[in-house]
Amino acid sequence: MEVIKTLNLVKKFGNVKALNGLNLSVEEGTFYGLLGPNGSGKTTTVRILSGQIKPTSGKAFVLGIEVSNYIKIRENLGFVPEEEYPPSFLTPEEYLKFVCKVRKIENWKEKMDFWFDFLDFSGYRNVLVKDLSRGTKQKLMLAQAFIHEPKVVFLDEPFINIDPIIQRRFKKFIRDYVKKGNTILFCTHILSLAREVCDKVGIMKNGKIVKETKAKDCEKAFFKVFKDVGAH
């Protein structure tokens with residue numbers, strides 16, 4: 001079953017074409033990596049798929065539903081954007097309570113306790129977001145994305161500012177999460193990270209996927225696509 005699909009997706013920002021006919025298909029239970037340098041279109045792709053922005057043309061679907069009907073898919077969707085944090089005037093506990101209420105999570109206290117403990121930031125439950133370190137803010141974003149156990153999760157450079165111990169713990173969690181039949185779309189420009197956690201990758205260049213390959217072969221494929229980079 002295809003859970004993520006785009007058809008000739010185009011997105012323009014003024015005279016800049018961020019996506020240029022993107023065709024993407026991700027099957028259920030896949031850890032799929034969007035791999036490419038800065039400006040290749042990765043973030044624009046997940047922003048469209050998560051309903052944050054509208055495409056200029058083309059179509060995008062999540063769980064078989066067009067993303068223009070975002071309200072119908074949001075309960076089954078999690079998203080960690082690149083360097084975007086919760087409201088600064090809330091504490092992590094207040095923010096996660098709000099997320100649980102919106103997601104209509106019944107055992108919300110149990111789930112909150114799990115994530116505070118799992119990501120090791122229980123000591124910051126009642127500290128205002130504005131006073132948290134970047135790493136702790138990122139832990140909060142990871143928690144809010146998974147707390148309702150969504151079927152599909154978009155992760156855009158999720159390990160920014162996360163310490164190695166938590167990175168290792170979370171990598172195992174997300175690999176196991178996909179093995180349960182869930183799907184993750186993972187955006188990164190770090191080749192070794194894509195090889196480590198993904199099943200399959202699509203290499204993006206100039207707003208479209210120019211090569212798909214198994215994650216274990218992503219470095220060779222990447223430098224074949226970007227020959228000028230690999231030559232230095």
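Which residue lies over the face of Phe 118? Select Phe 118 and look above its ring: Arg 169 is there, at 5.9 Å from the ring centre. A charge counts as sitting over a ring if NZ of Lys or CZ of Arg is within 6 Å of the ring centre and within 35 degrees of the ring normal. Now select Phe 13. Lys 11 lies over its face, at 5.2 Å from the ring centre.

Before going on, some ground rules. This is a predicted model, in which local features need pLDDT of at least 70 and side-chain atom pairs count only at pLDDT 80 or more, while totals for chains, interfaces and linings use all residues. Residues are numbered from 1 along each chain as its sequence is written, and side-chain values use heavy atoms, with hydrogens and water left out.

**Stop 1: the sheet**

Switch to a cartoon view. Helices (H or I, at least four residues) and strands (E, at least two) are DSSP runs, numbered from the N terminus. Find the open sheet of six strands, in the order S6-S7-S8-S3-S9-S10, with mixed pairing. Two strands pair if DSSP finds at least two bridges between them. Strand S6 (77-80) and strand S10 (208-214) are the edges, and each pairs on one side only. On average, neighbouring strands here are turned by 15 degrees against each other, direction ignored.

Zoom in on S6 and S7. They run parallel and are joined by four bridges. Select Gly 78: its bridge partner in S7 is Val 153.

**Stop 2: helix H1**

Contact means heavy atoms within 4.5 Å. Axes are lines fitted to C-alpha atoms, for helices over the stretch in contact, and angles run from 0 to 180 degrees between N-to-C directions.

Why is H1 (residues 42-49) largely enclosed by the rest of the structure? Six of its eight residues are buried. Buried means under 20% relative accessible area, exposed over 50%, partly exposed in between (1.4 Å probe, protein chains only). Select the buried ones: Lys 42, Thr 44, Thr 45, Val 46, Ile 48 and Leu 49. Just after H1, stop at Gly 51, which takes a positive phi of about 80 degrees.

**Stop 3: Ser 40**

Step back to the loop between S3 and H1, where Ser 40 is found. Ser 40 is buried, at 4% relative accessible area. Its side chain reaches the backbone oxygen of Pro 37 at 2.8 Å. Show its surroundings too. Not counting residues up to four places away in sequence, Ser 40 touches Ala 18, Met 204, Lys 205, Asn 206, Gly 207 and Lys 208.

**Stop 4: the aromatic rings**

Colour the aromatic residues. The structure holds 18 aromatic pairs. Rings of Phe, Tyr and Trp (its six-membered ring) pair if their centres lie within 6.5 Å; planes under 30 degrees apart count as stacked, over 60 as edge-to-face and the rest as tilted.

Select Phe 159 and Phe 170. Their centres are 6.1 Å apart and their planes at 75 degrees, so the pair is edge-to-face. Phe 159 lies in the loop between strand S7 (152-156) and helix H5 (164-179), and Phe 170 in helix H5, so the pair ties together parts eleven residues apart in sequence.

Phe 170 and Phe 173 are stacked, at 5.7 Å centre to centre and 25 degrees between the planes. Phe 170 has a relative accessible area of 1%; Phe 173, at 18%, also counts as buried.

One aromatic cluster includes Phe 31, Trp 115, Phe 159, Phe 170, Phe 173 and Tyr 177.

Notes: A polar contact is a pair of N or O atoms within 3.5 Å; within protein, one must be able to donate a hydrogen and the other to accept it, and residues adjacent in sequence count only if both atoms are side-chain atoms.
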